[in-house]
Amino acid sequence: MDSATFRAHGHRLIDWIADYFDHPERYPVLARVKPGDLRAALPPRAPEQGEPFERILDDFERLIMPGVTHWNQPGFFAYFPCSACEPAVLAELLAAALNQQAMLWRTSPAATELEEVALGWLRDLMGLPSSFEGVIYDTASVSTLHALAAARERAIPGLREHGLTGSNRSPLRLYCSEHSHSSVEKAAMLLGFGHRGVRKIECDAECRMKPDRLGEAIEDDRAAGVTPVAVVATVGTTSTTSIDPVPQLADICVKQRVWLHVDAAYAGPAAILPEQRSVLAGCDRADSLVVNPHKWLFIPIDLSAFYTPHMEVVRQAFSLTPEYLKTSGGDVRNLMDTGIQLGRRFRALKLWMVLRHYGAAGIRDLLAGHLELAARFAGWVDDLSDFERVAPVPLSVVCFRARPKAGEWTPESLDTLNERLIDAVNATGEVFMSHTKLDGR
Ligand code: PLP
């Protein structure tokens with residue numbers, strides 16, 4: 001594409017994006033397509049000859065846009081929604097243009113060092129200790145996988161060389177609660193703990209892991225010849241945003257010499273607010289922690305911030321330098337050493353630009369506004385006689401259901417009513433909400 005054509009399309013696209021941000025109401029929040037619609041609308045083979053970009057953009061609007069679910073829509077209330085803020089979108093444009101591949105310091109000194117700086121800023125904003133070194137992965141699932149790989153490396157000397165064989169054959173165990181995210185179990189499956197190697201610890205009535213049960217479980221397992229490797233605590237669980245008692249869990253992990261990983265993927269940024277600092281209480285004693293700016297810091301997917309005071313263990317688990325990647329230059333961080341990926345995108349640029357664009361004060365205002373909205377909505381639910389809240393609202397998620405005063409309801413008929421209600425609400429295209437089950441309901 002020549003530069004004049006690139007400019008023309010670039011300007012048109014920026015205008016298109018600005019209009020998209022200005023008028024989210026033009027689109028139904030939940031895509032109204034059926035499975036297979038897009039596939040059927042597209043040719044089965046790539047074109048033999050190149051096509052004009054105008055035609056490609058027309059097809060983008062005509063064919064692709066109807067299949068888009070609009071996460072930026074103000075009516076998007078499902079999952080952990082995150083809107084893509086403008087400075088981050090511009091940063092992504094630059095990152096694509098610069099095409100930085102930050103595997104080694106020398107293949108992108110800027111991406112390597114900006115990652116360190118921006119993650120340091122975020123860490124300090126959340127009040128985590130300066131001993132926590134950060135690295136960016138794409139998602140929390142991958143951050144947790146790396147945390148548990150490091151935990152396994154530390155727990156089983158020689159693992160890196162010998163694998164899960166020989167003298168280290170005792171079953172490995174990982175502890176989390178029934179409210180932990182499924183990424184913990186996926187990591188366990190991948191790392192050789194096995195699904196059965198995950199022990200789910202009972203929770204209290206507010207969906208928080210019970211520390212005494214954790215202590216008992218670890219002791220039972222040791223007595224039975226099992227090797228306890230790691231505990232995953234969650235700060236902001238997926239269903240109700242409950243917060244595990246990290247200070248007590250940290251005591252147990254220190255005593256039992258097991259790795260404590262904290263999944264603060266969603267709730268971590270709340271700690272930027274002084275009045276919410278306590279959400280990360282005890283996390284200064286964690287062995288690793290993940291927080292996702294793509295969940296609650298206005299960063300378009302993907303950007304997951306992983307912190308640990310033991311980055312040398314992560315390196316021990318992951319570094320391997322073939323001849324063609326050897327470098328002779330000084331004391332530098334090579335990001336390929338801290339993970340399974342070799343090539344890495346310049347994600348730090350969007351974090352740095354967003355932190356600078358809003359400033360700490362602007363971010364605090366936005367987060368406080370989100371908490372205020374959730375509290376206001378929870379108040380509305382509490383005031384309605386036909387609805388009820390079904391979990392505390394410590395942060396920005398409100399779990400509620402319909403429970404009409406009139407009529408006789410069984411647990412099953414109430415479930416059916418709520419299923420029909422959420423489907424009907426989502427079919428309006430005005431809002432999109434997602435569901436969960438608590439105690440099977
Ligand atoms: N941890 C928690 C608590 C989550 O709620 C989620 C997703 O919602 C994840 C981890 C996984 O996040 P990701 O999509 O970044 O892997």
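The questions and answers below go through strands, charges, surface patches and backbone features in turn.

Visitor: Is strand E7 enclosed or open to the outside?
Guide: This is a predicted model, and the answer rests on its computed accessibilities. A residue counts as buried under 20% relative accessible area, and on one side of E7 Ser304, Phe306 and Thr308 are buried, as are Ala305 and Tyr307 on the other. Because five of the five residues of E7, which spans 304-308, are buried, the strand is largely enclosed by the rest of the structure.

Visitor: Which residue of E7 is the bridge partner of Val135?
Guide: Strand E1, residues 133-137, runs antiparallel to E7 and is joined to it by five bridges. Within E7, the residue bridged to Val135 is Phe306.

Visitor: And which residue of E7 is the bridge partner of Leu289?
Guide: Strand E6, residues 288-291, also pairs with E7, in the antiparallel sense and over three bridges. For Leu289, the bridge partner in E7 is Tyr307.

Visitor: How many residues apart in sequence are the parts that Glu115 and Arg344 tie together?
Guide: Side chains of opposite charge can pair when their charged atoms come close. Glu115 and Arg344 form a salt bridge, with their closest N and O atoms 3.3 Å apart, and both residues are buried. Since Glu115 lies in helix H5 and Arg344 in the loop between helix H12 (311-318) and helix H13 (348-383), the pair ties together parts whose separation in sequence is 229 residues.

Visitor: How many salt bridges does a search of the whole structure find?
Guide: Some salt bridges share partners, and in this way Glu92, Asp302, Arg345, Arg347 and Lys350 are joined into one network. When the whole structure is searched, the number of salt bridges found is 31.

Visitor: Which helix gives the most to the patch of negative charge?
Guide: On the surface, a patch of negative charge gathers Asp15, Asp19, Asp22 and Glu86. Among them, Asp22 is exposed, with a relative accessible area of 54%, and its place is in helix H1. With three residues, the helix that gives the most to this patch is H1, residues 3-22.

Visitor: What accessible area do the residues of the nonpolar patch have together?
Guide: The patch lies on the surface and is formed by Ile14, Leu90 and Leu93. One of these, Leu93, is in helix H4 and is exposed, with a relative accessible area of 52%. Together, the three residues have an accessible area of about 270 Å².

Visitor: Is Cys207, with its positive phi, buried or exposed?
Guide: Cys207 is not a glycine, although its phi is positive at about 65°. Cys207 is found in the loop between strand E3 (198-201) and helix H9 (211-223). At 11% relative accessibility, Cys207 counts as buried.

Visitor: What is the relative accessible area of Arg257?
Guide: Arg257, which is not a glycine, has a positive phi of about 55° and lies in the loop between helix H10 (246-256) and strand E5 (259-263). Arg257 is exposed, and its relative accessible area is 63%.

Visitor: Which residue does a cis peptide bond join to Ile301?
Guide: The omega of this bond is about 15°.

Note on methods
Residues numbered from 1 in each chain as written. Predicted model: local features only at pLDDT ≥ 70, side-chain atom pairs only at ≥ 80, totals over all residues. Heavy atoms only, no water. Patch = residues over 30% accessible without salt bridge, like charges linked within 9 Å, V, L, I, M, F, W, Y side chains within 5 Å. Areas by Shrake-Rupley, 256 points an atom, 1.4 Å probe, with all protein chains shown as cover. Salt bridge = Lys/Arg side-chain N within 4 Å of Asp/Glu carboxyl O. Lys, Arg positive; Asp, Glu negative; His and termini not counted. Charge placed at Lys NZ, Arg CZ, Asp CG, Glu CD. Helix = DSSP H or I, 4+ residues; strand = E, 2+ residues; numbered from the N terminus. Buried < 20%, exposed > 50% of the residue type's maximum accessible area, 1.4 Å probe, protein only. Pairing = 2+ DSSP bridges.
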